Amino acid sequence: MTYSEALEFIHSRPRLGRKKPGTQRMEKLLHALGDPHKTLKFVHIAGTNGKGSVTAMTSNILRLAGYKTGQFISPFILEFRERIQMNGEMIPKEKLVEYAQQVKAVVDEMDARDEIINEFEIDTAIGLLWFAEERCDIVCLEVGLGGLYDATNIIDAPLVTAITSISLDHTNLLGDTTAKIAQEKCGIIKRGSVVVSYPTQDKDALAVVMERCAALQVPVILPAMGGVEILDDSVLHKRVRYGNLEFTLKLPGAHQVQNAMMVVEIIRQLAGKGFPVSEETIQKGIETVFFPARQEILSEHPLILLDGAHNFSGAQSLEDTLRRLPQEKTMIIGMLSDKDYEHSAQLLARQCRCVITVSPDNPRALSPEQLAQAVGDSCETVIPCHDYEKALNLAKSQAGETGAIIICGSLYLASSMRELLCKKK
């Protein structure tokens, strides 16, 4: 099996592929592979928004503290191997091939019994095999979708469970209220762990978190907003004091302050479980984290900001940043049809002088014309475009040297545009 054949095998699997919800097939798959997860310790992270940032900051701090740290994320931006990292390095291609072959042998047998393993379950199995072989000290494990029936929920009680901001997304799968979605997310909470929750969690979601934790006698840490002070509040970075800890947060967006507060509390909980970390390392870990396509600055002249947020809550966070940018703004936006695209696109378009609509590389994508119609009268100029490079050149001509270009609406779009911009650099 070559690397390209390994990827072909992985991507050929069903995206969901379950006749009924549950982790039983994942249990059988991992048991046949030697139960690699049983040898590992975890921080398990679920939520609608922010789980990627919390995973990235937590793993960066632990790595800098000298722990061999696994990191499993979803989705990837430029390359599949971004999903599975250790100490900031992607899984080697030859290792991915080795584990894909092992997994395929078991999957073929399960297929014959009509026990269909999906793509994300295979991703998770490959990651766990590598982390176990490398004897990682700790793994930061990001949930793929929901929580209760997610492939990552195969693990026993993690050292810490993190529940980031919960809002409406994937409502066709998880439920149409924040309380229903929270039930799914909180399915990862297990007796023997400790939970760190988002500081300003939606009240209905927080009620579910508290109820689940009370039922399982799990302690809950809710970072106090009264304990945080913003010392320097520029649009693109913030100087923050949280308790006696000061750090510069270079991930834009007001929500990142609360994500960072969660991370500090996660690390403090880990200290009592055999993973002490100095405050200097916490500070450095937050300040040096790199997280592509989350309000990422790709250029300053003109300002080019790339954001993969794909739901209304993410759009609200981006809109807050856009309101504070003094430049005239030109936006390139592409969205999927199964998202709340009308409200999100209109909210963001109101902050821009020109909107260029494109189509993300995905079968569920809206056409540029459909999205342009959804934007409606929210912006002075709306231009559908069918070519990314033409859209980028048009945006640059609109923005000039003093304007700002915003690229947003989908991680699929962010991945393609980031690759194009990096090549141009």
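I took buried to mean under 20% relative accessible area, exposed over 50%, and partly exposed in between, with a 1.4 Å probe and protein chains only. By that rule Tyr67 is buried, because its relative accessible area is 15%.

**Ground rules.** I am working on a predicted model, where local features need pLDDT of at least 70, side-chain atom pairs count only at pLDDT 80 or more, and totals for chains, interfaces and linings use all residues. Residues are numbered from 1 along each chain as its sequence is written, and side-chain values use heavy atoms, with hydrogens and water left out.

**Aromatic pairs.** I looked up ring pairs next. Rings of Phe, Tyr and Trp (its six-membered ring) pair if their centres lie within 6.5 Å; planes under 30 degrees apart are stacked, over 60 edge-to-face, and the rest tilted. I found four such pairs in the structure. One of them joins Tyr67 and Phe275, edge-to-face, at 5.0 Å centre to centre and 65° between the planes. Where do Tyr67 and Phe275 sit in the chain? Tyr67 is in the loop between helix H3 (51-64) and strand E2 (69-72). Phe275 is in the loop between helix H9 (255-271) and helix H10 (279-287). The two are 208 residues apart, so I noted a link between distant parts of the chain. For the element names, helices (H or I, at least four residues) and strands (E, at least two) are DSSP runs, numbered from the N terminus. Phe275 is buried too, at 6% relative accessibility.

I then checked Trp130 and Phe131. Their ring centres are 6.0 Å apart and their planes lie at 35°, so this pair is tilted. Trp130 is buried at 4% relative accessible area. Phe131 is buried at 0%.

**Cores.** Phe131 turned up again here. A nonpolar core is a set of buried Ala, Val, Leu, Ile, Met, Phe, Trp, Tyr and Cys residues joined through side-chain atoms within 4.5 Å. The largest has 39 residues, and Leu29, Leu33, Val103, Ile122, Ile126 and Phe131 touch the most other members. Which elements supply at least two residues each? I listed helix H1 (3-12), helix H2 (24-32), strand E3 (84-86), helix H4 (93-112), helix H5 (119-133) and strand E5 (138-142). Another core, of 38 residues, lies apart from it; Val194, Val196, Met262 and Ile282 are among its residues.

Contact means heavy atoms within 4.5 Å. Not counting residues up to four places away in sequence, Leu29 touches Val103, Val106, Val107, Met110, Ile117, Glu121 and Ala125.

**H1 against H5.** These two helices pack at about 135°, with their axes 7 Å apart. Axes are lines fitted to C-alpha atoms, for helices over the stretch in contact, and angles run from 0 to 180 degrees between N-to-C directions. Is H1 oblique or roughly parallel to H5? H1 is oblique to H5, because angles under 35 degrees count as roughly parallel, over 145 as roughly antiparallel, 65 to 115 as roughly perpendicular and the rest as oblique. Phe9, Ile10 and His11 of H1 meet Glu119, Ile122, Asp123 and Ile126 of H5.

I found Leu249 in strand E11 (residues 245-249). Leu249 is buried, at 1% relative accessibility. Beyond its neighbours within four places in sequence, Leu249 contacts Met57, His237, Lys238, Gln256, Val257, Ala260 and Ile286. Thr321 belongs to helix H11 (residues 312-324). Thr321 is buried at 2%. With neighbours within four places in sequence set aside, Thr321 contacts Val235, Gly253, Gln295 and Leu305.

**Backbone notes.** His301 and Pro302 are joined by a cis peptide bond, with omega about -5°. Pro302 is in the loop between strand E12 (296-300) and strand E13 (303-306). Asp35 is not a glycine, yet its phi is positive, near 50°. I placed Asp35 in the loop between H2 and strand E1 (42-46). Asp35 is buried at 18%. Gln217 also has a positive phi, about 55°, without being a glycine. Is Gln217 buried or exposed? Gln217 is exposed, with a relative accessible area of 66%. Its place is the loop between helix H8 (203-216) and strand E8 (220-221).
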